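Student: I would like to go through this model strand by strand and helix by helix. Please show it first.

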Amino acid sequence: MTEKRFKAKRIVLYNHKGGVGKTTLTANIAFELASMGKRVLLVDSDPQTNLTSYFFPDEYVDKLLDDSESRNGKTIWTALRSIVNADGDYRYVPPSEVPPSKEGHTKNIAIIPGDIRLIEYEEALNEYWGQCLQRKYKGYKGLTALSSYVNEAAKEFKADYVFYDTGPNVGALNRAILLDCDYFVIPLSYDAFSRRALKTLGNRLATWIVGWKEILNLAPENVYLLPGAPKYLGYVPQRFKVISGTVTSSTSSNAAKIQKALFSDVVSVLRRVNPKLASKKISGTKLGEVRDFGDLVQDAQGRGIPFYSVMDKSKELKNDAKKAFSQIASAIIRNTNKR
Ligand SMILES: Nc1ncnc2c1ncn2[C@@H]1O[C@H](COP(=O)(O)OP(=O)(O)O)[C@@H](O)[C@H]1O
Ligand SMILES: [Mg+2]
């Protein structure tokens, strides 16, 4: 039976480069969208479980991981393990609703907690890919299991947006996630490492999309498939230094180089695969920017609150944070509505 894809928009902040703020941005964009009345389902699909740790205290995360194979398990592994063990379908595990906190507006957010054992699913994914090319049913089932599960969770939660959080690599799990997403956003730093990473990023995405097309062409009717066409929604520079209210000069010179590289290494590469994947105009794709907020960030982690709700910190800094995320969330709403 073919499942119907629920209308929630799937988005991933993706960069295979680590430490570019993927997890932190994802959590804070979710808070902002939630405060604007949107329902957000977060999927912690990074085996390092950092997003889960943003929302829940350590002891609770330990318990989630300890219990993930039990009847009351709640993690992404609880849902997917029977697929990996080849003894059935995924198990529907309701996402954990994030309880509203005094300091934050966390109503409207639910999370599928991450799990270190997700690496076992990732290991199996390469095999599923090969099986799809041989038109084996088991391959389609395995390759789309995460997408199917998230689809059901999004529908149950009545999500407007789904955000996947990913680990820093170009592995089979991230390939399956990107191919399930309607949009991707590139978080980056204004430095040479980030600029160079864009080449690999653009190439990988193009290779994945082209590879998936081959699977699509071979696939029999009536199997649930991934959409396989993640559109470039924009980029978010983050963690740059602001000194006395101005960005440093190395930041501004790198900013121009980054824009150029985004165009040549990502946008153009994707457009050669399919012009609908990225708009020619790069200038409007900066969704917003997030400066270095120092220890405001650490103070919010593990408590499930946005930066701007951290007590005892400079009001100016908190207002800046609120403004930055509200701009990004608004851009996401606007840009996902128009295309
Ligand atoms: N805007 C920011 N200001 C200051 N520190 C930040 C900011 N964003 C992220 N960090 C810190 O940088 C590190 C990497 O961020 P993280 O969100 O974990 O990146 P990723 O998920 O891409 O690996 C973390 O220790 C986080 O606390
Ligand atoms: Mg992360």
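Student: Which residue in β7 does Val185 stand opposite?

Tutor: This is a predicted model, in which local features need pLDDT of at least 70 and side-chain atom pairs count only at pLDDT 80 or more, while totals for chains, interfaces and linings use all residues. Residues are numbered from 1 along each chain as its sequence is written, and chains are lettered from A and ligands numbered from 1 in the order in which they are written. Strands (E, at least two residues) and helices (H or I, at least four) are DSSP runs numbered from the N terminus. Strand β6 (residues 183-188) runs parallel to β7, joined by six bridges, and the residue of β7 opposite Val185 is Gly234.

Student: How many of the 10 residues of β7 are buried?

Tutor: A residue is buried if 20 or more other C-beta atoms lie within 10 Å of its own, exposed if 12 or fewer, and partly exposed in between, with C-beta atoms placed from the backbone. β7 is largely enclosed by the rest of the structure, because the number of its 10 residues that are buried is eight.

Student: Which strands stand at the edges of the sheet?

Tutor: Two strands pair if DSSP finds at least two bridges between them. Eight strands form an open, mixed sheet in the order β3-β4-β2-β5-β1-β6-β7-β10. Two strands each have a single partner, so one side of each is left without a neighbour in the sheet: β3 (96-97) and β10 (290-291).

Student: What is the bridge partner of Glu97 in β4?

Tutor: β3 and β4 (residues 109-112) run antiparallel and are joined by two bridges. In β4, the partner of Glu97 is Ala110.

Student: Where is the kink in α5 centred?

Tutor: The 16 residues of α5 (residues 118-133) should span 22 Å at 1.5 Å a residue, and the end C-alpha atoms are 23 Å apart, which agrees. The expected span is 1.5 Å times one less than the number of residues. The bend at a residue is the angle between axes fitted to the seven residues ending there and the seven starting there. In α5 there is a kink of about 25°, centred on Leu125.

Student: Which helix gives the most to the shell around ligand 1?

Tutor: A residue is near a molecule if its C-beta atom, placed from the backbone, lies within 6 Å of it. Of the 17 residues around ligand 1, those that come nearest include Lys22 and Phe293. Elements supplying at least two residues of the shell include β7 (231-240) and α11 (295-300). With three residues, the element that gives the most is α1.
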